[in-house]
Each structure stands twice: as C-alpha cells, then as structure tokens.
Amino acid sequence: MTDATSAAIRSVCLFCGSSDAARPEYLEAARELGRALAEAGLRLVYGGGGVGLMGAAARAAHGAGGEVLGVMPQFLRSRERLFDEVETRVVTSMHERKQMMYDECDAFVVLPGGVGTLEEAIEVLSWKRLDLHPKPVIFINLDGFWENFYALMRHSVEEGMTPSAFLEAYDSVDDVAGALAVLTGARAVPNRYDQR
C-alpha cells in the first residue's frame, strides 16, 4: 500500500466564474489552465458548466485530451448549461456538489470569479484553518484580481479575528505557469474532512 502523503497531485479542483461577461484575458487564462492540466496529466474537477471561465477551462482540458469531471446540481443544469462531453455527475444540492468536488481532488486552484467562487474558496480555506485538510489552495491573481481579498484577510488578522498563520494557508501566483509550478511541487494528502 502506498503512502498517500508521498503521492503526487493527480486531480485539481477549479473554482472560477461562470459568467460569459468575463474579461477575454480571464477566459484565455482559464483555457490555458485547462490545457496545462491536461498536458501535465492532471484531472480537472470543476462545477460542470459549459459557460464562463469554468466552461472555457473544461473545454480546453477536454480538447487537449485531459480527464475532466464535472459536478452539477440539478437545479443549475439550464443556467450553467451542463457540458456533457465530459464525465458529469448531477447532484441534488450545492452542498453535495462542493463535498464531491472536495473529495475528488488533491488541490484547489482559484481563478477570478464572483460571489460563488469566493464562497467556495473561503470554505476550503476555513476547513484548512480548522486543520480539516492540508490540501494546497492556489489563487491565480490575474491583474491583481484577488488583491482586495488578500487585503481583507490581512485586515482580519490585524483586527485579531484570524491568526496570522492563516495568511500561509494559500499560495498566490500571477499566472497559470505559477500555479502549475506549485502543483507539481506539491504532494497529495489523504482526505480528513468528515462532515458528520
């Protein structure tokens, strides 16, 4: 039996926007990430939609011959336009979606997105803060997109609401190449989260 702590990252969960109104540079970065994951032999786990950055990343990964797993709540099938050319699991709730995405990945990457992306990223950071998992969380800070979030986290630390060690719970990189460098240097860890 292999030691899970010594295994390389095999599967990456992507949190990102589902808006088609996103800046072209963000959509291109999502496509670049999808291709890069496929070329590195890393499975993409994502929200299952065919729109916005998530659709761009999934289509690019699939087009490059990569393995892709989408996880879509039933009620979002029409809004986020299910991308059914890849393996997709349809679940009953947002909570089930997030749990399955978490269980199926070894690391998280966060591209620009809206309140849903932020909520997903904060949840896995909260779990990490509580020592429920040690999986890498990597923000791709395209054109400084996440700077205000980082400032809020620093403010929370300065106000004594969050321990300063929390600022080391995530990596911030400027581009897709930086994210791949972190992923290829990271190691997979066993799942320890138990919602019961």
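A: Phe139 is buried in this predicted model, because its relative accessible area of 0% falls under the 20% limit for buried residues. Tyr170 is likewise buried, with a relative accessible area of 12%. These two residues form an aromatic pair of the edge-to-face kind, with 5.4 Å from centre to centre and 75° between the planes. The pair links distant parts of the chain, since Phe139 belongs to strand S6 whereas Tyr170 sits in the loop between helix H5 (147-158) and S7, 31 residues apart.

Phe139 and Tyr170 belong to one aromatic cluster, together with Tyr26, Phe145, Trp146, Phe149, Tyr150 and Phe166. In the structure as a whole there are 14 aromatic pairs.

Strand S6 spans residues 137-140 and pairs with S7 in the parallel sense over three bridges. Within this pairing, Ile138 has Asp171 of S7 as its bridge partner. Both strands belong to an open sheet of seven strands, whose order is S4-S3-S2-S1-S5-S6-S7 and whose pairing is parallel. Strand S4 (87-91) and strand S7 (171-173) are the edge strands, each pairing on one side only. From one strand to the next, the twist averages 25°.

Helix H6 (residues 176-185) packs on this sheet and touches strand S1 (11-15), strand S5 (107-110), S6 and S7. The direction of H6 makes about 170° with that of S6. Buried residues in H6 are Val176, Gly178, Ala179, Leu180 and Leu183. They pack against S1, S5, S6 and S7, and also against helix H1 (24-39).

Helix H1 leads on to a further contact. Its axis and that of helix H2 (residues 52-63) come within 7 Å and cross at roughly 35°; the crossing is right-handed. On the H1 side, the contact is made by Tyr26, Leu27, Ala30, Arg31, Gly34, Arg35 and Ala38. On the H2 side, Gly52, Leu53, Ala56, Ala57, Ala60 and Ala61 take part. The residues of this contact divide into nine nonpolar, two polar and two charged. Tyr26 of H1, which takes part in this contact, is also a member of the aromatic cluster that holds Phe139 and Tyr170.

Key. Residues numbered from 1 in each chain as written. Predicted model: local features only at pLDDT ≥ 70, side-chain atom pairs only at ≥ 80, totals over all residues. Heavy atoms only, no water. Pairing = 2+ DSSP bridges. Helix = DSSP H or I, 4+ residues; strand = E, 2+ residues; numbered from the N terminus. Axes fitted to C-alpha atoms, helices over the stretch in contact; angles between N-to-C directions. Contact = heavy atoms within 4.5 Å. Buried < 20%, exposed > 50% of the residue type's maximum accessible area, 1.4 Å probe, protein only. Left-handed = near helix turned anticlockwise from the far one by under 90°. Nonpolar A, V, L, I, M, F, W, Y, C, P; charged D, E, K, R; others polar. Phe/Tyr/Trp six-rings, centres within 6.5 Å; stacked < 30°, edge-to-face > 60°.
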